[in-house]
Amino acid sequence: MMEDIIRLLPEAVANQIAAGEVVQRPASAVKELLENAVDAGGKNIQLVVKDAGRTLIQVIDDGKGMSFNDARLCFERHATSKIRSAEDLFSIHTKGFRGEALASIAAIAHVELKTKRAEDETGTVVLIEGGEVKEQSPTTTANGTSISVRNLFFNVPARRNFLKSDNTEFGCIEEEFIRVALIHPDIAFTLYHNGKLTYQLKEGNFKQRIIGIFGSHFNDRIFPIEQETNYIKITGFLGKPESAKKKRAEQYMFINHRFIKNSSLHFAIESAYEQVLPDGTHPLYFLSIELDPATVDVNVSPTKVDIKLQDDRVVYGFLFAAVKKAIGEFSLIPQLDFDYDTDLDLNNVPQTGPIKVPHVSLSPGYNPFNSFSNPRSTYQQPSHHSTSANPDWDSFLKGIKETEVSVAQPEEQKVMQFEDSAQDMLAEVTSYIVVQKRYLFVSLQDKMHVIDIVRANERIIYENYLQALKDQPVTVQQSLFPETVVLSGARAELLTEIRGDLLKLGYDIEPMGGGNFAVNGTPHDEEEGDVQTLVENLLDEYQSHLIAHRSERDKNLALSLAHQKKAVMKPLSNLQEVNHFLQQLFACLLPSITPSGKKIFEVMDVEKMF
Ligand code: ADP
Ligand code: MG
């Protein structure tokens with residue numbers, strides 16, 4: 001006789017299996033409990049851990065608490081207060097919604113829940129072991145919820161044995177803690193491990209939270225990004241190119257305040273950095289993306305770290321452009337550098353009240369990628385502050401604003417300042433070496449400089465082009481026999497659009513219809529070259545920057561053309577040419593980096609080499 005062999009699993013076993021998906025290690029329980037505390041509206045959340053979570057995981061919040069009945073119900077599978085119908089799945093604003101975390105944790109641990117709503121006289125305590133409620137009674141407790149999870153995996157030895165060293169497991173806990181804390185800077189968090197206070201994060205803004213977690217040296221490593229349309233909003237901080245790392249960099253991306261991992265969005269960010277970072281290094285980022293929840297499916301995996309986006313190409317494109325633009329703005333805008341009286345102690349600048357007015361000047365060699373510990377790249381004697389520890393720039397700058405020192409008309413000041421300094425700074429060099437046809441070694445101010453000639457040339461022509469577009473058009477050399485350039489539809493359209501600007505840069509190009517253009521003139525100093533290829537490459541590069549530099553047409557055009565022509569340069573063949581080249585470079589507003597953010601020269605500390 002054939003027997004039926006299918007059997008229903010006892011509920012306890014089913015719960016244990018489900019628990020395996022949600023709770024793989026102590027850190028997963030930590031994540032779920034912290035997210036519940038955030039969802040409950042807690043403003044102060046404490047995490048207490050013993051033995052990397054093996055012995056105890058406790059999360060205490062001051063959120064809305066639970067009623068007597070809810071305190072028991074919350075441990076039932078599929079018990080959630082966060083969605084009521086299938087439709088709600090498409091407008092999730094909370095972290096949880098699957099209603100399985102507490103059931104899963106309770107199935108494999110000893111759990112004590114204490115909770116109280118503000119409106120209730122007394123609170124509730126529930127004890128539950130291996131999914132069985134052992135006790136439920138009224139108790140006195142603070143408003144909010146405290147959940148203690150002891151002896152995790154006590155009834156799943158396989159999983160317990162599978163755990164790694166305490167260091168590894170605590171590392172994972174720390175990471176989950178950071179992921180939740182980072183994106184909720186408006187909530188205060190603390191973490192105790194084995195009785196030791198490991199993190200104490202006060203309420204603040206995103207930047208303060210980053211610094212609170214990773215340390216004050218991050219202050220100098222990041223710059224802001226902010227971009228918004230009615231479809232998507234991106235805010236946060238990006239790492240300066242110099243702070244990129246070879247190995248694992250701090251990279252955090254959040255969609256609708258939920259930490260997510262998404263390789264294509266990650267790739268969008270890394271590609272936006274492409275021209276700016278050395279190969280094999282990775283940028284830091286802390287990005288918060290906000291989208292209509294209806295366009296994000298977070299219900300792809302039990303841990304909700306993977307997500308599906310309805311329009312991932314749109315998000316990809318926008319993210320790429322936003323990051324690129326932020327990098328562009330960060331590296332293209334010359335920054336003010338402050339020179340101040342030597343007896344002004346930055347560490348003791350009063351927060352309010354009068355402040356001694358510092359003398360403000362600009363340093364044309366200021367490199368925004370340098371941290372303040374090395375403020376002016378080369379051409380000034382280092383002043384005492386270069387060795388002082390982390391000046392408090394924020395309050396320093398605030399002090400300046402309060403006394404209303406005018407730092408207006410930076411352009412004008414820049415020029416004046418430069419004319420002064422250009423003369424005394426740039427004594428002519430009397431010898432030079434060029435290595436590999438590209439690297440120029442010269443001694444300036446008694447320091448050995450290595451200059452990348454091609455990159456320097458890119459900076460020089462870029463600034464010339466900007467000037468040309470503004471008010472000093474390049475002289476056109478008319479051709480007797482105009483060359484013809486033939487372009488496809490999109491390129492032809494683009495060329496017609498920027499033709500006027502190209503004329504200012506020395507290219508007189510006239511549309512002849514049918515995608516044909518006559519090149520009637522080229523810049524007077526241009527060597528013979530393949531105009532067809534130049535125009536094609538120029539248009540393609542311009543197009544690819546178009547989204548990123550939308551509002552800065554001039555910069556885009558100057559950047560694209562400079563990029564095409566940086567390598568077209570006569571080799572430096574005598575002292576006079578070298579000096580002329582150096583004069584041109586250091587007449588630039590930003591001589592130390594290329595328009596796309598690459599380093600142009602390095603100062604060698606010869607003494608350090610020995
Ligand atoms: P989910 O978060 O997916 O709803 P959980 O199993 O994590 O499922 O929690 C179940 C329910 O228990 C929640 O929907 C919420 O109503 C309640 N809950 C859990 N933790 C807390 C807390 N810290 N404060 C208040 N309510 C909580
Ligand atoms: Mg939850």
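Visitor: At what angle do helix α2 and helix α6 pack?

Guide: Two packed helices are described by the angle between their axes and by the distance separating those axes. In this predicted model, helix α2 (residues 26-39) meets helix α6 (residues 166-182) at an angle of about 20°, and their axes are 8 Å apart. Angles under 35 degrees count as roughly parallel, so α2 is roughly parallel to α6. The crossing of α2 and α6 is right-handed.

Visitor: And how does α6 cross helix α7?

Guide: Helix α7 covers residues 206-214, and its axis comes within 10 Å of the α6 axis, with a crossing of roughly 160°. Here the cut-off is over 145 degrees, which means that α6 is roughly antiparallel to α7. The crossing of α6 and α7 is right-handed.

Visitor: What about α12 and α15: at what angle do their axes cross?

Guide: Helix α12 (residues 453-470) and helix α15 (residues 553-565) have axes that come within 8 Å and cross at roughly 140°. The two helices are therefore oblique to each other. Their crossing, too, is right-handed.

Visitor: Let's turn to the ligand. How many residues surround ligand 1, and which are the closest?

Guide: Ligand 1 is surrounded by 18 residues, and the closest are Thr80, Ser81, Lys82, Phe97 and Gly99. Sorting the shell by class gives 7 nonpolar, 7 polar and 4 charged residues.

Visitor: Which lysine has a side-chain N or O atom 2.7 Å from an oxygen atom of ligand 1?

Guide: That is lysine 82, which is also listed among the closest residues. Asparagine 36 has a side-chain N or O atom 2.8 Å from an oxygen atom of ligand 1. For alanine 101, a backbone N or O atom lies 3.3 Å from an oxygen atom of the ligand.

Visitor: How much of the area that ligand 1 exposes when taken alone does the protein bury?

Guide: Taken alone, ligand 1 exposes 530 Å², and the protein buries 93% of that.

Definitions and conventions: Residues numbered from 1 in each chain as written. Chains lettered and ligands numbered in written order. Predicted model: local features only at pLDDT ≥ 70, side-chain atom pairs only at ≥ 80, totals over all residues. Heavy atoms only, no water. Near = heavy atom within 4 Å. Polar contact = N/O pair within 3.5 Å; in protein donor to acceptor, adjacent residues only side chain to side chain. Areas by Shrake-Rupley, 256 points an atom, 1.4 Å probe, with all protein chains shown as cover. Nonpolar A, V, L, I, M, F, W, Y, C, P; charged D, E, K, R; others polar. Axes fitted to C-alpha atoms, helices over the stretch in contact; angles between N-to-C directions. Helix = DSSP H or I, 4+ residues; strand = E, 2+ residues; numbered from the N terminus. Parallel < 35°, antiparallel > 145°, perpendicular 65-115°, else oblique. Left-handed = near helix turned anticlockwise from the far one by under 90°.
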